[in-house]
Amino acid sequence: MAVTVLPRSPLVRYLLVRLALIVPTVLILVTVVFFFMRVIGDPITASQGGRLSAADLAERKAEAGFDRPILAQYWDYLSGLVRGDFGTALTDHRAISEVLVTNGAATLELVAWALLVAFAVGVPLGRIAARYRDRLPDVSIRIFAVLVYAAPVFFVGLLLKLLFSATLGWLPSSGRASPTAEIALNNVTPKTNIMIVDAILYGDPGFILDVLKHAVLPAVALGLLTAGVFIRLIRINLLETMRTDYVTAARARGVSERRVVRQHAFRNALVPVVTVMGMQIAMMLGGAILTETTFEWQGLGYTLSKYLLARDFVAVQGIVTAIAVVVAVSSFLIDVINALVDPRVRY
């Protein structure tokens with residue numbers, strides 16, 4: 001008698017397989033990051049070499065366990081990760097888990113704002129481009145999509161700062177809030193480290209407006225990168241959907257073109273956007289490093305660049321590992337959403 005190992009439900013079977021793939025994926029990423037960081041030597045010598053005497057250097061290496069065989073260090077690192085211990089920074093002695101909570105919240109806030117901009121710009125423009133195919137609006141939007149996708153995110157950020165901050169003086173050029181608001185929001189209880197939530201909890205409309213004004217330029221700089229991808233995806237998929245039989249049947253029933261697009265074609269055109277969003281999150285986290293550095297946004301990217309300059313490779317290893325885990329989990333969540341939206345992906 002045959003034994004059924006996996007559940008019969010295609011959805012549950014699909015999600016279990018995707019969930020099982022996360023473990024080896026994260027393990028491979030963690031292993032690559034760990035051994036890559038050791039190729040350049042031990043972290044103590046990399047960050048403190050030249051500042052300490054040979055005796056002090058040897059003592060620090062022994063204290064941190066970097067004089068042990070590399071496989072023993074690797075096992076200790078994996079054991080620590082299982083317990084949620086990402087290590088301690090060598091330069092400022094902060095626990096990486098604390099850095100992830102404090103600065104990671106800032107990065108998540110920036111990515112959330114950027115996704116909002118990407119949807120607000122990309123979805124309607126993609127829809128307009130499909131509706132006016134090969135006409136002036138379509139050509140203009142396609143050129144815009146290529147430009148915003150091809151332009152380096154730091155270059156777009158510098159242009160925005162030059163125009164809206166230095167020239168027009170409409171928006172602040174750096175930071176997550178003005179010094180007065182930041183001091184006040186640091187005392188909010190409970191503190192979330194997500195500035196807009198803290199401002200709402202504080203209850204001062206002036207601080208909420210201040211936080212929103214600081215978020216505009218970084219969110220637009222990072223969001224336009226993804227908006228270019230959304231425009232092209234929405235346009236292509238909407239055009240393909242408009243040629244399907246059920247859309248033709250709707251037209252034959254006398255349904256107006258605007259209603260055909262809104263009720264019959266647009267929802268199906270959004271499915272690939274959900275799929276690509278998982279990959280875009282990884283790209284946005286990479287772009288966040290440049291955006292945060294450009295706008296002095298105190299997120300993981302800004303902190304990572306500081307640790308890189310200080311050659312603090314223990315901190316770099318912990319942050320990069322955490323980002324890899326976030327990307328893997330995000331991809332799984334996108335797979336779940338995609339499976340719920342489009343039953344075809346379960347088979």
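Helices here are DSSP runs (H or I, at least four residues), numbered from the N terminus. This is a predicted model, so I kept in mind that local features need pLDDT of at least 70, side-chain atom pairs count only at pLDDT 80 or more, and totals for chains, interfaces and linings use all residues. Residues are numbered from 1 along each chain as its sequence is written, and side-chain values use heavy atoms, with hydrogens and water left out.

**Positive patch.** I listed its members: R131, R135, R253, R258, R259 and R262. Patches take residues with over 30% relative accessible area and no salt bridge, joining like charges within 9 Å and nonpolar side chains (Val, Leu, Ile, Met, Phe, Trp, Tyr) within 5 Å. Lys and Arg count as positive, Asp and Glu as negative, while His and the chain ends are not counted. A charge is placed at NZ of Lys, CZ of Arg, CG of Asp or CD of Glu. I looked up R262, which sits in helix α12. R262 counts as partly exposed because its relative accessibility is 44%; buried would be under 20%, exposed over 50%, and partly exposed lies in between (1.4 Å probe, protein chains only).

**Nonpolar patch.** Next I found F154, F155, L158, L159 and L290 on the surface, with about 450 Å² of accessible area together. Such areas come from the Shrake-Rupley method with a 1.4 Å probe, and for residues only the protein chains shown count as cover. Helix α7 (residues 153-167) brings the largest share, four residues. L158 is in that helix, and at 45% relative accessibility L158 is partly exposed.

**Core.** I then went inside. Which residues have the most contacts in the largest nonpolar core? They are I96, Y307 and I319, in a core of 26 residues. A nonpolar core is a set of buried Ala, Val, Leu, Ile, Met, Phe, Trp, Tyr and Cys residues joined through side-chain atoms within 4.5 Å. Helix α14 gives the most to this core, with seven residues.

**Salt bridges.** I noted eight in the structure, each a side-chain nitrogen of Lys or Arg within 4 Å of a carboxyl oxygen of Asp or Glu. E109 pairs with R176, the closest N and O atoms being 2.6 Å apart. That pair links distant parts of the chain, 67 residues apart: E109 is in helix α5, R176 in the loop between α7 and α8. Are E109 and R176 buried or exposed? Both are buried. K191 and D198 also meet, at 3.6 Å (N to O); K191 is partly exposed at 35%, whereas D198 is buried at 0%. Last, I saw R133, D134, D138, R142 and R235 linked in a network of salt bridges.

Terms used:
Helix = DSSP H or I, 4+ residues; strand = E, 2+ residues; numbered from the N terminus.
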